[in-house]
Amino acid sequence: MAFQLIDLPYPDSALEPAVSANTLSFHHGKHHKAYIDKMNAAIDGTAHDDAALEDVVSAARGSNQGLFNNAAQSWNHAFYWHSMAASETAPSDELKAKIEAAFGSIDELKSQLKARGAGHFASGWVWLAEKNGELSVEETHDGDTLADSDFNPLLTIDVWEHAYYLDHQNARPAYLDAVVDHKINWAFASENLARGSAWTYPK
């Protein structure tokens, strides 16, 4: 059964001015859809046809780079849409306590997410993740993902140019400021922490 492009969890204009409706329409409707379509074409008629997306990512890692890239990017983008919200939500008490234990404060975590995102060379992803009860900021390059890793990803920020170029041109820090300060979905991160295992792509 083919994977479907998930709907955005908000209207196209919900993230403005951090992320414009124009950017979302291209990013979701063109870039994300292309990854889904290429992945579906690659798995059609194979043993992966009825697998969970996370299992496709894991099976393709190190053995089929083309399939891995498209499967991992399909998962990353879906997770990224949920990592943002129309208005900033509040972390749960559990998440807030873990953030303060790991980073000192939510403001310091935001500073680290911005710094790691701005300093990330070329394309990739910046994550807030949990492992063995402790939080950390992680980076993956290009299309790599934490979906099949030892980490429990809580939220992610896309730092590929197509995530921000229409709105902020080459000013990646301006995009990071706008998203991290105003559009992080702390409720989603809290749910991921409480579940204790990686989010799964709906199928």
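## Close-up views of a predicted model

**Figure 1. Gln169, a partly exposed residue with a relative accessibility of 41%.** The model shown here and in the following views is predicted. Most residues other than glycine have a negative phi.

**Figure 2. Ala122, a non-glycine residue with positive phi.** The phi angle of Ala122 is near 65°. This residue belongs to the loop between helix α5 and strand β1 (124-131). With a relative accessible area of 41%, Ala122 is partly exposed.

**Figure 3. The cis peptide bond between Glu16 and Pro17.** The omega angle of this bond is about 0°. Pro17 lies in the segment that precedes helix α1. In general, most peptide bonds are trans.

**Figure 4. The packing of helix α4 against helix α8.** Helix α4 comprises residues 93-103 and helix α8 residues 186-195; their axes are 9 Å apart and form an angle of about 90°. Angles of 65 to 115 degrees count as roughly perpendicular, and α4 and α8 are therefore described as roughly perpendicular to each other. On the α4 side, the contact is made by Glu94, Leu95, Lys98 and Ile99. These residues meet Trp186, Ala189, Ser190, Leu193 and Ala194 of α8. By class, the residues of this contact comprise six nonpolar, one polar and two charged.

**Figure 5. The salt bridge between Asp37 and Lys33 within helix α1.** The structure holds seven salt bridges, one of which joins Asp37 to Lys33. The closest N and O atoms of this pair are 2.8 Å apart. Both residues belong to helix α1 (residues 21-43) and are separated by four residues, about one turn of the helix. Asp37 is partly exposed, at 37% relative accessibility, and Lys33 is likewise partly exposed, with a relative accessible area of 38%. Side chains of opposite charge can pair when their charged atoms come close.

**Figure 6. The salt bridge between Arg61 and Asp148.** The N to O distance between the two side chains is 2.7 Å. This pair connects distant parts of the chain, 87 residues apart: Arg61 is in the loop between α2 (53-60) and α3 (65-82), whereas Asp148 is in the loop between β2 (134-141) and β3 (152-158). Arg61 is partly exposed, with a relative accessible area of 35%, and Asp148 is partly exposed at 24%. Together with Asp144, Arg61 and Asp148 are linked in a network of salt bridges.

**Figure 7. The salt bridge between Asp177 and Lys114.** In this pair the closest N and O atoms are 3.5 Å apart. Asp177 is partly exposed, with a relative accessible area of 36%.

Note on methods:
Residues numbered from 1 in each chain as written. Predicted model: local features only at pLDDT ≥ 70, side-chain atom pairs only at ≥ 80, totals over all residues. Heavy atoms only, no water. Axes fitted to C-alpha atoms, helices over the stretch in contact; angles between N-to-C directions. Helix = DSSP H or I, 4+ residues; strand = E, 2+ residues; numbered from the N terminus. Parallel < 35°, antiparallel > 145°, perpendicular 65-115°, else oblique. Contact = heavy atoms within 4.5 Å. Nonpolar A, V, L, I, M, F, W, Y, C, P; charged D, E, K, R; others polar. Salt bridge = Lys/Arg side-chain N within 4 Å of Asp/Glu carboxyl O. Buried < 20%, exposed > 50% of the residue type's maximum accessible area, 1.4 Å probe, protein only.
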